[in-house]
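Me: I would like to learn how to read a fold from its coordinates. Can we work through one model together?

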Amino acid sequence: MDSEADTARDVELRQLRCLVAIVEEGTFTDAAAALGVSQAAVSRTLASLEHALGVRLLRRTSREVTPTPTGSRVVSHARRVLGEVDDLVTEATSGHVRLRIGYAWSALGRHTLDFQRRWGAAHPETDLRLLRINSPTAGLAEGACDLSVVRRPLDERRFDSAIVGLERRMCAMAADDPLARRRSVRLAELSGRTLLADRRTGTTTAELWPPDARPTFEESHDVDEWLTSIATGRVMGVTPESTAHQYRRPGVVYRPVRDAEPIAVRLAWWRDDPHPATQTVLELLTELYRSA
């Protein structure tokens with residue numbers, strides 16, 4: 001563990017920039033020109049990075065320079081790291097702030113566009129991005145977002161969250177399903193059917209039904225796959241109302257499940273490192289859901 005930490009400390013941004021420049025420019029000479037240093041400095045910097053990592057990153061011939069398999073992976077990671085650093089510098093020097101809000105399947109349903117427009121009008125200095133990340137924390141644990149919209153509780157040791165609103169449960173079914181002719185359905189009417197659900201991020205579990213009257217469950221990992229399967233009529237789905245607003249699909253209809261408990265929509269953030277805009281986002285989302 002200590003050796004890995006030592007290696008991480010030995011890797012410098014200038015080394016990563018040098019590696020990426022060599023790969024993108026194609027030669028050490030062109031990389032040196034792009035970086036504004038000597039070709040000898042490029043060679044020394046690459047050598048120091050390979051020494052720090054203990055692996056060979058590039059193959060060099062008289063005609064070209066190409067990454068090794070390990071080098072290709074390192075270059076890919078290096079580009080992401082350098083991009084994050086550039087974003088950090090831009091935020092720190094320009095006065096603009098980036099706010100990334102993750103969500104798993106559906107963002108805020110019918111409130112999504114209103115939220116984006118009102119945020120842009122009130123906070124033009126903050127670059128808002130909504131990111132679909134299909135993980136239990138909607139990208140929060142992975143560092144892919146600053147806040148996340150989730151529909152089931154998270155680990156309270158690491159994250160704080162607050163309920164911003166409630167959503168009805170909807171049944172998604174093929175347009176020619178007999179139940180599609182109804183204005184709403186009951187849970188008991190789904191007990192003999194097959195439901196498609198995402199066990200990592202979804203809100204539909206067998207506990208919604210009595211033990212002796214539960215539907216069959218199959219697993220899905222993506223909303224597009226979920227919708228395509230439901231349209232065939234072989235399976236159904238139970239989902240938050242936001243999905244019905246955000247993902248309209250020919251051949252699929254949504255009907256309220258009138259005897260199912262509503263779903264709590266939560267805004268979540270890191271307990272020990274909340275984004276400065278957290279309270280403002282929380283207030284706006286709560287207002288939007290209350291005004292529905």
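Me: How many cavities of 30 Å³ or more does the count come to?

Reply: A cavity is a set of points, on a 1 Å grid over the protein atoms alone, where a 1.4 Å probe fits but cannot get out. Grid points are joined across faces, edges and corners, and a volume is the space filled by probe spheres set on the points. By this rule the count here is 1 cavity of 30 Å³ or more. About 260 Å³ of space lies in the largest cavity. Two notes on the source. This is a predicted model, with local features needing pLDDT of at least 70 and side-chain atom pairs counting only at pLDDT 80 or more, while totals for chains, interfaces and linings use all residues. Residues are numbered from 1 along each chain as its sequence is written, and side-chain values use heavy atoms, leaving out hydrogens and water.

Me: Which residues line the largest cavity and lie closest to its centre?

Reply: Lining residues have an atom within 4 Å of a point. The largest cavity has 23 of them, and Trp105, Thr201, Gly202, Thr203 and Pro240 are the closest to its centre. Helices (H or I, at least four residues) and strands (E, at least two) are DSSP runs, numbered from the N terminus. β5, β8 (194–197) and β10 (237–240) are the elements that give two or more residues to this lining. The largest share, 3 residues, comes from β10.

Me: What is the strand order in the sheet that holds β10?

Reply: Two strands pair if DSSP finds at least two bridges between them. Here the order is β10-β7-β11, an open sheet of 3 strands with antiparallel pairing. β10 and β11 are the edge strands, each pairing on one side only. The twist averages 35 degrees from one strand to the next. Axes are lines fitted to C-alpha atoms, for helices over the stretch in contact, and angles run from 0 to 180 degrees between N-to-C directions.

Me: Is β7 mostly covered or mostly open?

Reply: Buried means under 20% relative accessible area, exposed over 50%, partly exposed in between (1.4 Å probe, protein chains only). In β7, 6 of its 6 residues are buried.

Me: What is the order of the sheet of 5 strands?

Reply: That open sheet runs β4-β3-β5-β12-β6, with mixed pairing. β4 (126–132) and β6 (159–167) each have a single partner strand, so one side of each lacks a neighbour in the sheet. Neighbouring strands are turned by 20 degrees against each other on average, direction ignored. β3 (residues 97–103) pairs with β4 in the parallel sense over 7 bridges. Val97 stands opposite Thr126 in β4. Helix α9 (residues 278–290) packs on this sheet, touching β3, β5, β6 and β12, and its direction makes about 15 degrees with that of β6. Contact means heavy atoms within 4.5 Å.

Me: How many residues does the largest nonpolar core have?

Reply: A nonpolar core is a set of buried Ala, Val, Leu, Ile, Met, Phe, Trp, Tyr and Cys residues joined through side-chain atoms within 4.5 Å. The largest has 35 residues, and Phe115, Trp226, Tyr254, Leu267 and Val281 have the most contacts inside it. α9 gives the most, with 6 residues.

Technical notes: On a 1 Å grid over the protein atoms alone, a cavity is a set of points where a 1.4 Å probe fits but cannot get out, and a pocket is an open set with protein on both sides within 12 Å along at least five of seven lines; lining residues have an atom within 4 Å of a point.
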